[in-house]
Amino acid sequence: YFSRCNSIRVDSGCWMLYERPNYQGHQYFLRMGLSDSVRSCRLIPHPYFSRCNSIRVDSGCWMLYERPNYQGHQYFLQRGDYPDYQQWMGFSDSIRSCRLIPHHSGTYRMRIYERDDFRGQMSEITDDCLSLQDRFHLSEIHSLNVMEGCWVLYEMPSYRGRQYLLRPGEYRRYLDWGATNAKVGSFRRVMDFY
């Protein structure tokens, strides 16, 4: 078992954990639950995986979580190489759970509201937004309704800062999507370009 993991490779729902950076050293194979329709891992066993400093994603879009059971900081990854945790905008090198975001081939729709419980000004969104302030003259979203597709909300413009996965459903207040405040700078659709 590893006491530290410095590299990960995700390949078709399985993870390869590497002892050293740049995908070198001893490997540990972690298979996602085949019965779980979203291919997720609620807890990456701590003895195997205490730190993560690089990831290579070969397929799909993934959300990584700083703590077990999909808690803590969230990090959106799509196919590509991430040589260090700053590349996925990580606040630390701790990754303790993950989930594969299901592929969506239809349209994307989300309604954002300036107040809690779907009150105040409402805007319907169907595409990515690089700057909420520039496009809607807003810096906060207090509630939202994701009607189609999955989205990632970012705390700052240009897809930076804290990240939050939004799956279809109602979010009556920012606490419902895991945020500590209503500040939103940008958002985008979860799309994987194979």
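This is a predicted model: local features need pLDDT of at least 70, side-chain atom pairs count only at pLDDT 80 or more; totals for chains, interfaces and linings use all residues.
A nonpolar core here is a set of buried Ala, Val, Leu, Ile, Met, Phe, Trp, Tyr and Cys residues joined through side-chain atoms within 4.5 Å; buried means under 20% relative accessible area, exposed over 50%, partly exposed in between (1.4 Å probe, protein chains only). The core has 20 residues, and Met110, Leu144, Leu166, Trp177 and Phe187 touch the most other members. Strands E10 (109-115), E12 (143-148), E13 (151-156) and E14 (160-166) and helix H1 (132-136) each give two or more residues to this core. Helices (H or I, at least four residues) and strands (E, at least two) are DSSP runs, numbered from the N terminus.

Next I checked leucine 166. Leaving aside neighbours within four places in sequence, its contacts (heavy atoms within 4.5 Å) include Met110, Leu144, Val146 and Trp177.

Then I turned to glycine 169. This residue lies in strand E15 (residues 169-171). Glycine 169 counts as partly exposed because its relative accessibility is 25%. Beyond neighbours within four places in sequence, glycine 169 is in contact with Leu144, Asn145 and Val146. Methionine 147 is 22 residues from glycine 169 in sequence, yet 6.5 Å from it in space, C-alpha to C-alpha.

Notes on method: residues are numbered from 1 along each chain as its sequence is written, and side-chain values use heavy atoms, with hydrogens and water left out. Local features need pLDDT of at least 70 and side-chain atom pairs count only at pLDDT 80 or more, while totals for chains, interfaces and linings use all residues.
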